[in-house]
Amino acid sequence: MKWPILQAFPSFSPRYLRPFLRLCAQQSALIIGKKLHALILTTGLSATQTSFLLNTLLHFYASCGDILSAQKLFVEIPHSCKDIADWTALMSSFSRQNRPHDALRLFAQMLENSIQIDDVPMVCLFSVCAWLRDVGVGSQGHGCVVKMGFEGKVKVSNAMMDMYGKCGMVREMRRVFDEMKEKNVVSWTVVLDGVLKWEGVRSGRLLFDEMPERNEVAWTIMVVGCVGSGFSKDGFLLLSEMVFHWGFKLNHITLCSLLSACAQSGDVVMGRWVHVYGLKLMGTEMDIMVGTATLDMYAKCGRVDTAVKVFECMPRRNVVSWNAMLSGLAMHGRGRVALDMFPRMIEEVKPDDLTFIAVLSACSHSGLIDQGSYYFDNLESLYGITPKIDHYACMVDLLGRAGRLEDAQTLINQMPIPPNEVVLGSLLGSCNSHGKLQLAERVLQKLTEMNPLNTEYHILLSNMYALAGKRQKANSLRKVLTTKGIRKVPGMSSIHVDGHVHQFSAGDKSHPRTQEIYLMLDDMVRRLRSAGYIPNPASQVFSGSDGIEDDAMDLEEKEQALFSHSEKLAVCFGLLSTKPGTPLYIFKNLRICQDCHAALKIVSKIYYREIVVRDRNRFHCFKQGSCSCCDFW
DNA sequence: CTAGGGTTAG
């Protein structure tokens with residue numbers, strides 16, 4: 001056997017092998033490392049010599065993410081040679097591979113085995129708790145830190161603050177921060193992230209200005225925080241200051257986080273800027289991750305055609321890119337296109353379970369029942385994928401939307417896993433669209449057992465009662481909510497104009513241009529009526545989405561309430577603040593209401609405007625009197 | 001022959 005690699009070692013001994021294995025670990029060169037491991041076992045090193053290498057090998061496998069091999073070595077290492085670093089290597093490997101519970105179990109075993117814990121596993125513990133949002137275990141960890149006197153270790157405190165921040169315990173986080181004698185950029189950055197998330201952009205900005213030192217991470221977090229809270233203009237100003245004044249270069253991680261923030265908030269203006277920056281930085285050799293984030297941004301900002309273009313221009317694509325593309329098409333109701341692309345996908349990459357969530361939801365949003373059933377039935381046999389609860393949820397959705405509620409129920413009964421909230425919530429939604437009151441009652445019962453705090457389901461059923469003329473039942477159901485003191489999430493619609501996000505709630509009068517908006521609304525309703533639109537007060541009760549208590553209203557009031565739904569207000573503002581003929585892009589946090597859906601179809605026609613609405617479920621593109629969802633939602 | 005393990009930005 002000739003191994004060129006052997007010639008690299010003047011003497012085949014741990015002394016030379018160890019640095020080589022470390023290099024493999026650093027570079028994640030799993031194959032080469034494995035060959036070395038094989039050599040070590042076969043080349044006749046003495047048992048003592050080999051045992052000197054076991055820890056290094058463990059570290060190598062742990063850092064390459066080959067947990068199985070790492071675990072095997074962990075068992076093989078004799079007790080006398082196993083120390084804290086070996087435990088920590090394995091634990092951090094679990095945590096990096098998204099197996100937080102295994103990491104926690106290992107930590108518990110360390111305690112059971114009376115291993116003297118030092119600061120490093122503590123950092124790892126907090127990172128796991130942060131990921132799990134488990135402040136219970138996290139604060140126990142805090143206790144350990146105090147007991148063992150690790151508070152002075154900056155990294156430990158940073159990880160601890162991150163844990164508190166991720167869990168929403170801002171006060172705890174700040175307390176730790178204030179008591180730290182020695183802080184570094186990371187400390188400030190962690191706190192900045194938490195404050196932005198839980199106390200808002202204003203407090204975040206104050207903290208940001210106070211920071212003694214800001215690296216590109218801090219800047220990115222600040223910009224993302226602005227964009228995420230609708231402060232688009234401030235975000236953009238900060239981004240240009242970061243790049244042009246301070247000369248920070250954006251790397252692919254920064255680009256991805258910015259793009260994802262733009263996708264979430266619907267900020268296509270900044271999204272485009274970031275896209276262009278990426279193009280200049282990388283040219284046609286666009287990084288796969290950045291390319292994927294870019295197409296995802298365009299899709300989620302309502303520009304699905306641009307998303308397709310970006311996708312087609314990517315020199316290489318992985319399964320994530322394909323999944324993003326397919327689910328983008330699904331959200332836009334382009335189920336047919338998505339299915340046509342699928343054969344091309346399986347030539348390029350191996351589909352995973354997310355792929356089929358995209359495919360099934362594409363079928364569901366486009367009413368392609370047969371195709372959906374086909375893929376679902378063949379998941380295992382053709383693609384080797386065991387259906388998970390989310391796939392069942394898609395199928396229940398698909399059947400339910402199509403009115404096949406019996407089939408949906410049968411499927412739920414056949415599931416090997418008990419149904420979760422998503423599955424039943426989707427079934428309830430279908431009961432609603434198909435007027436199955438009795439089934440809805442049963443489903444609601446189960447849903448309330450699962451999640452007593454969710455108001456949406458009660459409102460849905462209460463609206464169904466109201467629609468069926470059972471006012472008393474409807475009201476008593478609503479009373480249940482009020483006596484429990486639970487308030488529903490208010491419906492909000494927003495629109496980006498000139499770098500600002502304008503947000504509206506139902507009947508909102510807080511906008512500086514309220515007067516003009518309501519004049520426009522009057523005009524709109526008048527023109528809608530003459531175009532044949534009949535307001536549907538039932539859907540005021542029915543939609544429940546924009547939340548106006550409606551017990552005592554007469555018909556006229558109900559109509560008025562209907563007219564001032566948040567999405568209509570946003571459209572009116574859009575009509576009067578953008579150039580004629582330009583499309584309007586509206587974002588709504590809940591599902592679009594049925595009356596608004598009917599109204600916007602006509603608006604798109606009589607105002608010659610394309611109106612794109614992103615609601616919680618999908619996109620609706622209103623154009624010349626019809627909607628891309630084909631009324632199939 | 002004795003180092004090796006960890007935090008923030010998808």
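**DNA contacts and a pocket**

A polar side-chain atom of D118 sits 2.8 Å from a base nitrogen of DNA strand B. The model is predicted. D83 also reaches a base: an N or O atom in the side chain of D83 is 2.4 Å from a base nitrogen of DNA strand B. An N or O atom in the side chain of H59 is 2.6 Å from a phosphate oxygen of DNA strand B.

Now widen the view to the whole DNA surface. There are 29 residues around DNA strand B. R22, N55, H59, D83 and V217 come nearest. By type, the surface near DNA strand B divides into 11 nonpolar, 8 polar and 10 charged residues.

Which helix gives the most to the surface near DNA strand B? Helix 5 does, with 6 residues; this helix spans 84–96. Other helices also supply at least two residues each, among them helix 1 (14–27), helix 3 (47–64), helix 7 (119–132) and helix 9 (154–166).

Turn next to the second largest pocket. Its volume is about 340 Å³. It is lined by 17 residues, and V269, R303, H496, V497 and D498 are the closest to its centre. Helix 15 (268–282), strand 1 (492–497) and strand 3 (584–588) each supply at least two residues of this lining. The lining residues divide into 8 nonpolar, 5 polar and 4 charged.

Terms used: Residues numbered from 1 in each chain as written. Chains lettered and ligands numbered in written order. Predicted model: local features only at pLDDT ≥ 70, side-chain atom pairs only at ≥ 80, totals over all residues. Heavy atoms only, no water. Near = heavy atom within 4 Å. Polar contact = N/O pair within 3.5 Å; in protein donor to acceptor, adjacent residues only side chain to side chain. Helix = DSSP H or I, 4+ residues; strand = E, 2+ residues; numbered from the N terminus. Nonpolar A, V, L, I, M, F, W, Y, C, P; charged D, E, K, R; others polar. 1 Å grid on protein atoms, 1.4 Å probe; cavity = no way out; pocket = protein on both sides within 12 Å on 5 of 7 lines; lining within 4 Å. Points joined across faces, edges and corners; volume = space filled by probe spheres on them.
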